[in-house]
Amino acid sequence: MTEVWYRLPSPPGCRAAERRAFEALGRALASADGSAREATRERCLASDNAALTAACHVLLDLVGQGWNVRVDGDEVAVAPPLGFADPVEEKRRVRRQELIKRNEQLATPSVRRFVLAMEKPREFNGKFVSIFSLMRDGNELAEALLAVGDREEVDPARLREVIDPYVQVVSAERCAQTGLKLMDIWRYFRLTWSNQYTSTPGRTMMILIRDRAAAFHPIIGIAALGSAVVQMAERDDWIGWQSTVFLENLRAAPTLRMARWIAARLQTSLDELYVDDLVKDGLYWPTLWEDPAAEAIERLLKEAESRRRDHHRFVKATDFKKVHDPDDVAGWRRRAESDLFRSKRCLALADLLSARQALAPYLYPKATRGGLSQALDDVKARRAIMSVLRRAKADAVGTEIADLTVCGAIAPYNALLGGKLVSMLAVSPTAVKAYRQRYATYASEIASSMAGRPIRRRSNLVFVGTTSLYGSGASQYNRIRIPPEVLDGSLPIEFRQLGRSKSFGTSHLSAESVRALVRLAEQTAGGARVNSIFGEGVNPKFRKVRHGFDLLEWPSDTLLQHGRQRIIYGISLVDNLLPYLLGIDAEPSYRFRRRPTLDDVEAITGWWIHRWLHARSKSPAVLEAVTAHRLTRPVIHGARVELPDLPLERGRHEQLELY
């Protein structure tokens, strides 16, 4: 492969001395001269020029991530690393990149205080406990597995006496065995991952997988189900609701049922829009729906643009405090009448009226199969159908589709392929039931703000997506398949590879770089273009970072490619995935039986024991790896958070002891 070089011009608005300093930094990085690098770095970062500060932070990050740099005359250029053909080396490269931000997080004073507090012994129910109480001693586990015997056929019940998992959904409650907050337990073990943890907006259901076979019920692994990424081409193609695929299938088999669905979805979308203020201001009237006028649509678009400008000029984050009472109609109505949501409502109404206008000759006053077939031959009508599809997809993505954002086993269970057990239990009937119970009464933030009243979506989890941490080599999700007979179901539940991610994001940039780019974006003329308010759009920080690159006149699409493709997996839990997600089918047809007499956790555990644990429990190499994690003083255990060493905290291992 040949290196591809990209120009990084000196930041706009820099004085001559600042431009020379940036070029000098580029030369020092290209020559790998440590002393020159440090001197020029300090000179650049001492500047009060936000653009120069951002440029220098990013350039330093890129070099730290393996990018090459050169200076031709007075022009700095960079080339991304070519990567490694060897999967092992590629994993090491990605791990080095991830550890930069992970260690940056662990060096934060608040995080260090949290870790040390969790490791400090405290008295609970007459015993001294700490987070170490929730780690299983590897030597004890290995001995217990050996005691089961090395016969070819081992009774799963005997192995379950050694490892007996159960699912505990994280809540505000405390652990019954240690008194520690469940949330703190989950957070501590998440800090042992090789990548940084960042919370995401929307829904998050955290899960602990615990082992009742040992004292204190130690943690086998952790998982989290969160709001799904709105747009993911590989997932959407597989589900069948990517616009092109959907229209092709619809054209091949137009039905009366689909014609009625399109008309019904349009009406539902209108019914979920608050329009009282728009009617009062003469921007909408009920008969407009029956005969949409181009002039009325244009007025709505102009009002949307005007209110969006007002939002950016006058908004305060405090104006968008969470509506704590989901049944507070007055609170939702105030939110709906804000500049931001009035703008969004005007845009949505204009879009609905345009769709109604385009489909009127074909689906009104009565939807028919023939009318749908004719509509699919009309460009404007096809565009209207795509708009209906996008709205149906938006309703389902945030509610009945989830991403498995965190999933893995901790030591010593990881050596026994406990990650596969955690993965299966995270999509088990128990997890599906917990998800439905948690969000059954949840009022959708965006939909309720658009409707001016609480809107509650269905909360049946029917599809889970996730990605591997690495794009090459083995993944814990490979070969995971729960046969139908395990859960008395119709079809297997399996982790299917859907493709690879586009390696796009900010995970390769340090916190200093992100802050500097955000600060640069927020200092642009006219005020901040993105206010980090829920409802403005997807990932406001990412959009600010991109805008910062654009202000530097640097190639944002290239520099935001972190070069870490990940394998995308999809897990369908139902037989009627697309019809149910679109609302064509009223109920999901799950691939498992929901019966009181079926203990799904026990059944999945039995399958894991048969498929993976039995063989590995007899491997000397595996048992040796398990034994390496010990809780005797000094504690050397893979489930312990390893903080970056600071002089004042040396000897931490000697000072803390498990009682």
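Where is lysine 120 found? In this predicted model, lysine 120 sits in the loop between α5 (109–119) and β4 (122–124). With a relative accessibility of 54%, lysine 120 counts as exposed, because the cut-off for exposed is over 50%. Together with Arg122, Arg174 and Lys181, Lys120 forms a positive surface patch.

Helix α18 (residues 418–426) is, by contrast, largely enclosed by the rest of the structure, since nine of its nine residues are buried. Among them are Lys420, Ser423 and Met424. Serine 269, which belongs to helix α11 (residues 256–271), is also buried, at 12% relative accessible area. Leaving aside residues up to four places away in sequence, serine 269 touches Leu352 and Arg391. The C-alpha atoms of serine 269 and alanine 348 lie 8.9 Å apart, although 79 residues separate the two in sequence.

The whole structure contains 32 salt bridges. One of these joins arginine 251 and aspartate 377, with the closest N and O atoms 3.0 Å apart. This pair links helix α10 (residues 243–252) to the loop between α16 (369–375) and α17 (379–397), across 126 residues. Arginine 251 is partly exposed at 42%, and aspartate 377 is exposed at 56%.

A salt bridge also connects arginine 345 and aspartate 277 (2.7 Å, N to O). Arginine 345 is in helix α15 (residues 339–363) and aspartate 277 in helix α12 (residues 276–280), so the pair ties together parts 68 residues apart in sequence. Both are buried, arginine 345 at 1% and aspartate 277 at 10%. Arginine 335 and glutamate 445 form a further salt bridge, at 3.1 Å between the closest N and O atoms, and both residues are buried.

How values were computed. Residues numbered from 1 in each chain as written. Predicted model: local features only at pLDDT ≥ 70, side-chain atom pairs only at ≥ 80, totals over all residues. Heavy atoms only, no water. Buried < 20%, exposed > 50% of the residue type's maximum accessible area, 1.4 Å probe, protein only. Helix = DSSP H or I, 4+ residues; strand = E, 2+ residues; numbered from the N terminus. Patch = residues over 30% accessible without salt bridge, like charges linked within 9 Å, V, L, I, M, F, W, Y side chains within 5 Å. Areas by Shrake-Rupley, 256 points an atom, 1.4 Å probe, with all protein chains shown as cover. Salt bridge = Lys/Arg side-chain N within 4 Å of Asp/Glu carboxyl O. Lys, Arg positive; Asp, Glu negative; His and termini not counted. Charge placed at Lys NZ, Arg CZ, Asp CG, Glu CD. Contact = heavy atoms within 4.5 Å.
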